[in-house]
Amino acid sequence: MASISLRNVIKRYGSGKTELQVIHGVNAEITNGEFIVIVGPSGCGKSTLLRMVAGLEEVSGGDICIGERIVNELEPAERDIAMVFQNYALYPHMTVFDNMAYGLKIKKVPIAEIKQRVDKAAGILELGHLLERKPRELSGGQRQRVAMGRAIVRQPQVFLFDEPLSNLDAKLRAQTRLEIQKLHRELGITSLFVTHDQVEAMTLAERMIVMNAGNMEQFGTPEEVYSRPATTFVASFIGSPPMNLLKNAPGGKPGQILGVRPEHLDIGTEGWALHVDTVELLGAERLVHARLGDEKLIIRTHEDQGAPVVGSTIHAQPRLDRLHWFDAATGKRV
Amino acid sequence: MIEKRPGLTVLSHVVLILGVLIVGFPLYITFIGSTQTSEQIAQAFPMSLIPGNNMLETYRTALFGGETQAGSRIPAAAPMMWVSLVSALVITIGKIAISLLSAFAIVYFRFPMRNLVFWMIFVTLMLPVEVRIGPTYEVVANLGMLNTYAGLTVPLIASATATFLFRQFFLTVPDELVEAARMDGAGPMRFFKDVLLPLSKTSIAALFVIQFIYGWNQYLWPLLVTTDESMYPVVMGIKRLISGDSYTEWNVVMATAILAMLPPALVVIFMQRWFVKGLVDTEK
Amino acid sequence: MEKRVRFKSSWLPWALIAPQMAIVLVFFFWPAAQALYQSLLTQDPFGLSTEFVGLENFRRLWADDTYLASFTTTAVFSLLVAVIGLSIALLLAVYADRVLKGSGVYKTLLIWPYAVAPVVAGVLWLFMFASPMGVVAYYLRAVGIEWNHLLDADHAMTLIVAAAVWKQISYNFLFFLAGLQSIPKSLIEAAAIDGAGPWRRFWSIVFPLLSPTTFFLLVINIVYAFFDTFGIVDATTQGGPGKDTAILVYKVYYDGFKALDMGGSAAQSVVLMVVVITLTVIQFRFVEKKVQY
């Protein structure tokens with residue numbers, strides 16, 4: 001177990017005229033045993049950041065520390081880390097047992113201990129009956145667990161997860177999420193988990209780094225990120241359906257954007273006058289797509305509150321303690 | 001970005017350069033040889049490694065034939081290169097044409113004994129001409145095809161590499177295209193000409209390179225079916241210049257070798273991308 | 001794989017396959033059948049009559065020392081060509097895969113020998129080793145090796161192996177390079193994270209995953225050595241000294257066209273056919289199976 005420090009981490013590709021900076025100074029102090037999620041849309045740099053921590057990409061600027069060591073110049077093998085890849089990266093020609101034992105064999109761990117560690121990990125992940133199979137004989141979920149088993153067996157200081165749930169179907173994803181949480185509670189190893197799915201981020205993270213276009217927009221707990229988003233990006237990225245962002249809200253100052261979540265608008269007799277465009281019934285709740293002037297917004301209502309008529313005008317009152325103001329030019333919270 | 005040790009990169013380049021040099025060394029020697037006179041070669045022990053100044057004369061003799069100072073009669077290489085060119089192109093175009101048609105039939109039609117036909121064609125992949133030289137020679141002789149372009153080329157079109165490749169490719173073309181063409185009123189040959197052929201361009205290009213080289217480099221078969229010097233391909237011509245008994249004009253031999261290597265090498269280098277793709281895809 | 005859609009026509013498919021079938025029947029099946037038939041015949045010394053002798057030709061072959069010697073020669077030759085050719089090509093491919101700059105140039109410079117005809121390759125190598133002006137022969141003598149491929153069987157074998165390998169390196173190199181590039185990078189990264197250094201990574205991960213390519217190339221190289229090298233032998237040693245480099249295909253040619261032993265030559269052709277078919281079947285059965293991961 002170890003802490004991780006990211007100090008002004010920068011990543012550049014190319015040189016001279018073709019130079020492109022893709023990560024612009026990320027700063028984060030992660031304590032021992034924390035489960036940190038790095039979340040953001042495709043291309044925001046989250047995988048690149050993870051791979052820099054792993055040693056698979058060079059650090060162009062700044063420092064990365066694992067424990068008390070600066071690891072910028074260290075090979076992946078020297079950093080005492082383990083990684084779970086998006087496509088599992090299991091060695092196809094080896095059995096499940098050998099896949100998990102590979103790293104230990106290299107470190108010349110005695111055979112008896114290898115067997116003990118592999119069996120223990122297999123027990124935790126329910127892989128005991130699959131140890132002699134080859135990866136191609138396993139289902140996606142089973143391969144996923146083998147990939148995690150391989151990481152656990154190494155007993156590293158840090159776990160790195162690179163979008164490990166992306167290739168699983170929705171049900172399996174939900175199941176595996178719970179397993180990962182359980183695993184973390186049991187083993188307590190510092191973990192960095194990359195995903196583009198904000199639901200995964202919200203459910204797994206103790207704290208999360210929200211990234212956009214190479215910038216770290218916010219670093220906080222799920223609670224903080226949800227109730228006090230630092231930028232319009234974070235505000236609209238976290239929460240589904242996303243937060244409504246209005247440029248010309250009544251009562252707003254010019255040059256400022258008002259943010260209010262769909263669940264924080266109450267339909268009633270008072271408040272803003274809205275024109276109803278469409279209504280979607282999702283089962284337990286309804287999404288009302290409406291317009292304020294020429295700006296669109298969404299309201300979330302409970303299914304027994306009655307459906308507004310499409311084309312009619314309704315009134316909705318935002319909860320005054322749930323308003324967020326952002327500067328229109330910078331997107332930052334005011 | 002694992003192992004950023006610069007030492008390893010230097011080593012890689014060293015090994016590769018060494019490989020290139022070893023691979024290119026025979027070519028260099030050949031080139032040098034072609035620039036000297038045969039006396040220079042015969043008398044220098046060893047042959048010098050720098051180019052001589054007899055290049056033009058040597059190449060002229062090689063291309064157009066003539067008598068050398070030592071009295072050997074050199075047959076002109078130019079007509080032989082023409083023979084090589086024609087046979088290579090006939091083999092290439094012939095093979096590609098009939099294979100396209102056969103593969104189209106096998107993939108897109110249902111007819112009795114279709115599977116038998118497919119297996120018959122498939123079997124030809126297994127036996128190169130070298131294995132059936134005797135009887136094939138007899139057949140060609142009986143058909144009066146000795147010393148003809150037909151005799152040089154037609155038996156070599158028999159093998160099915162191209163048909164197989166095209167079949168593999170056609171199987172990956174989406175069915176929806178056929179259905180759309182049908183709705184547009186296109187018959188099978190229309191579909192073949194307007195849809196399938198344009199899609200097959202890369203495969204055709206790759207096969208062109210492979211078959212051209214195959215045809216140009218044929219040695220054993222022309223050796224058997226031609227006795228008339230005017231029908232010798234250039235690769236045969238070279239060998240005949242090295243005679244055991246009389247004096248070998250090495251410089252002319254080397255010049256002819258360079259001439260013989262040039263067209264296929266140019267084809268490979270200029271069509272490298274298709275060639276590599278086609279070669280690797282054919283066999284997989 | 002079957003196509004779901006078909007065109008309907010009763011005569012068109014036949015017209016389309018007619019050209020290929022015609023050529024295949026006349027120039028492939030008929031001669032192949034002839035070869036089989038002729039291998040069971042023998043001609044009298046004047047070529048006037050033929051007699052059916054059953055498997056006599058085959059029995060003669062098996063009792064013939066020069067034939068068995070030719071078999072051994074061919075086996076040794078093809079093994080050397082395959083092993084040396086594959087090793088060198090693999091080495092070059094591994095480094096070509098690592099190099100980021102200039103890989104295109106290296107590729108072009110290493111694949112051009114594919115364009116060279118085997119017979120021309122033979123001529124080139126002969127030139128380097130021929131006495132007295134052969135450059136390589138001269139330097140070999142300078143370090144004490146009395147090179148003479150006309151008299152020494154081992155030297156002759158070395159010469160044809162060298163020429164054959166030289167020509168085949170490009171083909172092997174291309175396939176190895178493609179094979180290396182098809183190994184997912186994440187596997188190498190996973191191995192690196194697991195602590196494996198480059199040497200270990202190569203032998204425990206890369207090489208096993210390359211085995212379908214390796215196996216495939218092995219078969220191809222052996223077939224190449226058996227058949228495509230005729231030109232090399234004819235240009236350099238003509239099977240000599242004596243019969244020491246007379247590989248099987250050369251012997252078929254010699255016996256059939258120089259010594260005019262049609263029956264024996266046909267029998268040898270049949271044996272070669274069996275060898276090729278076996279190799280091809282092995283390749284299709286085992287290589288195609290292992291390709292899926």
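**View 1. Where helix α13 of chain B meets helix α14 of chain B.** B:Val234, B:Val235, B:Gly237, B:Ile238 and B:Leu241 in α13(B) meet up with B:Val252, B:Val253, B:Thr256, B:Ala257, B:Leu259 and B:Ala260 in α14(B); being in contact takes C-beta atoms, placed from the backbone, within 7 Å of each other. Sorted by class, this contact has 9 nonpolar, 2 polar and no charged residues. Here Ala, Val, Leu, Ile, Met, Phe, Trp, Tyr, Cys and Pro count as nonpolar, Asp, Glu, Lys and Arg as charged, and the others, Gly among them, as polar. Helices are DSSP runs (H or I, at least four residues), strands are E runs of at least two, and both are numbered from the N terminus.

A quick note on what you're looking at: this is a predicted model, where local features need pLDDT of at least 70, side-chain atom pairs count only at pLDDT 80 or more, and totals for chains, interfaces and linings use all residues. Residues are numbered from 1 along each chain as its sequence is written, while chains are lettered from A and ligands numbered from 1 in the order in which they are written.

**View 2. How the two helices of chain B line up.** Helix α13 (residues 234-241) of chain B packs against helix α14 (residues 250-270) of chain B at an angle of about 165 degrees, and their axes are 10 Å apart. That angle makes α13(B) roughly antiparallel to α14(B) (the cut-off is over 145 degrees). Axes are lines fitted to C-alpha atoms, for helices over the stretch in contact, and angles run from 0 to 180 degrees between N-to-C directions.

**View 3. Chain C up against chain B.** Here 84 residues of chain C are in contact with 82 residues of chain B. Which helix gives the largest share of the chain C side? That's helix α1 (residues 12-38) of chain C, with 19 residues. The chain C side that touches chain B splits into 67 nonpolar, 11 polar and 6 charged residues.

View 4. You'll find A:Phe161 in strand β7 (residues 158-162) of chain A. A:Arg51 sits 110 residues from A:Phe161 along the chain, with their C-alpha atoms 10.0 Å apart.

Note on methods:
Parallel < 35°, antiparallel > 145°, perpendicular 65-115°, else oblique. Contact = placed C-beta atoms within 7 Å.
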